[in-house]
Amino acid sequence: MGSHTDVTPDQPDHLPSPATRAGREGLDALLADPRRAVVALDFDGTLADIVPDPDQARAHPDAVAALAALAPKVASVAVITGRPAEVAVRHGGFADVPGLEHLVVLGHYGAERWDAVTGTVTAPAAHPGVAAVRAELPALLDRVAPGPGTAVEDKGRSVAVHTRRAADPGAAFEALRGPLTDLAARHGLIVEPGRLVLELRPPGMDKGVALREHVRATGAGPVLYAGDDLGDLPAYAAVDALRAEGVPGLLVCSGSDEVTELRERADVEVAGPAGVVALLRALARRLA
Ligand SMILES: O=P(O)(O)OC[C@H]1O[C@H](O[C@H]2O[C@H](CO)[C@@H](O)[C@H](O)[C@H]2O)[C@H](O)[C@@H](O)[C@@H]1O
């Protein structure tokens with residue numbers, strides 16, 4: 001599957017031409033039947049630029065306005081993220097926004113659900129393996145010694161180890177991958193690799209399951225999914241599966257040189273979060 005980059009912030013009204021037939025059908029269906037459409041997007045790298053410190057990540061300055069302009073015109077807008085839902089809502093600035101009264105944020109790869117109607121998060125009980133991993137992680141980091149700059153992000157329901165700020169981020173990532181995978185497995189967890197991050201989290205949920213459940217729950221038709229990282233591939237697979245069932249879909253890649261797998265699978269590639277915002281704006285204008 002090829003990809004095509006032709007939405008830029010300089011072309012605010014220009015909708016992309018998907019590089020694939022399935023993508024063109026997905027976009028056409030969304031434009032023809034927007035009231036049944038789901039627009040689902042990842043957060044980090046898709047709605048928010050990648051920054052060195054995860055705590056400093058914020059939605060692109062124009063992302064909320066673009067989402068708010070589009071949301072009233074489609075069946076549902078959802079953010080599906082590896083972040084805790086509450087963190088994504090806070091860093092995104094998604095609460096109490098006119099136009100986003102029905103926004104849904106599915107956090108922890110879909111294990112958590114926040115919706116703007118209630119303003120609350122629902123989630124299952126925590127996996128006991130996370131506490132065990134949290135306790136053993138300092139000793140593992142001492143032993144592997146990936147170097148200064150390696151940082152732990154405690155996400156409550158999971159623990160992530162970041163190497164972006166290490167002297168050699170790629171080497172630190174590779175040194176940690178095996179030991180963290182063993183640690184996760186000993187406690188019934190899985191390792192979710194991402195952009196210079198290895199997350200130890202409970203199995204059983206991913207963005208594909210989350211997207212399919214959301215599409216089913218909303219009874220929606222055409223689906224647009226935008227992502228940038230390996231954790232978005234299950235959502236891509238879900239769109240592929242929906243297409244096979246006759247539900248049109250459009251796969252958007254928020255492009256980066258760090259992760260190239262999505263580029264190969266996408267119908268449309270745009271230039272990072274600024275490109276995603278431009279696409280959302282163009283869609284909202286076209287549906288006006
Ligand atoms: O599913 P997402 O919304 O894409 O979340 C995936 C992970 O994103 C965050 O890490 C990434 O973004 C950071 C801030 O830009 C960056 O410093 C880091 O290198 C990236 O991997 C977040 O910190 C993780 O918890 C998410 O799982």
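**Helix packing, domain arrangement and ligand shell**

Helix α6 crosses helix α7 in a right-handed sense. In this predicted model, α6 spans residues 207–218 and α7 spans residues 233–244, and their axes come within 6 Å while crossing at roughly 45°. On the α6 side, the contact is formed by K207, G208, L211, R212 and V215, and on the α7 side by P234, A235, A237, A238 and L242. Sorted by class, the residues of this contact comprise seven nonpolar, one polar and two charged.

The crossing of α4 past α5 is right-handed. Helix α4 contributes V133, E136, L140 and V144 to the contact, and α5 contributes A175, L176, P179, L183 and A184. Eight nonpolar residues and one charged residue make up the contact of α4 with α5, with no polar residue present.

At the level of the chain, the domain assignment gives two segments, 21–121 and 205–286, to domain 1, and residues 128–201 to domain 2. The centres of domain 1 and domain 2, taken over C-alpha atoms, are separated by 27 Å. Each domain supplies 13 residues to the contact between them. The side of domain 1 that touches domain 2 consists of seven nonpolar, four polar and two charged residues.

The ligand is surrounded by 24 residues, of which F43, D44, P54, T81 and G82 are the closest. The elements giving two or more residues to this shell are the strands β7 (159–162) and β9 (197–201). Both domains take part in the shell, with at least three residues drawn from domain 1 (21–121 + 205–286) and at least three from domain 2 (128–201). In terms of residue class, the shell around the ligand divides into nine nonpolar, six polar and nine charged residues.

Terms used: Residues numbered from 1 in each chain as written. Predicted model: local features only at pLDDT ≥ 70, side-chain atom pairs only at ≥ 80, totals over all residues. Near = placed C-beta within 6 Å. Helix = DSSP H or I, 4+ residues; strand = E, 2+ residues; numbered from the N terminus. Nonpolar A, V, L, I, M, F, W, Y, C, P; charged D, E, K, R; others polar. Domains from an automatic or database assignment. Left-handed = near helix turned anticlockwise from the far one by under 90°. Contact = placed C-beta atoms within 7 Å. Axes fitted to C-alpha atoms, helices over the stretch in contact; angles between N-to-C directions.
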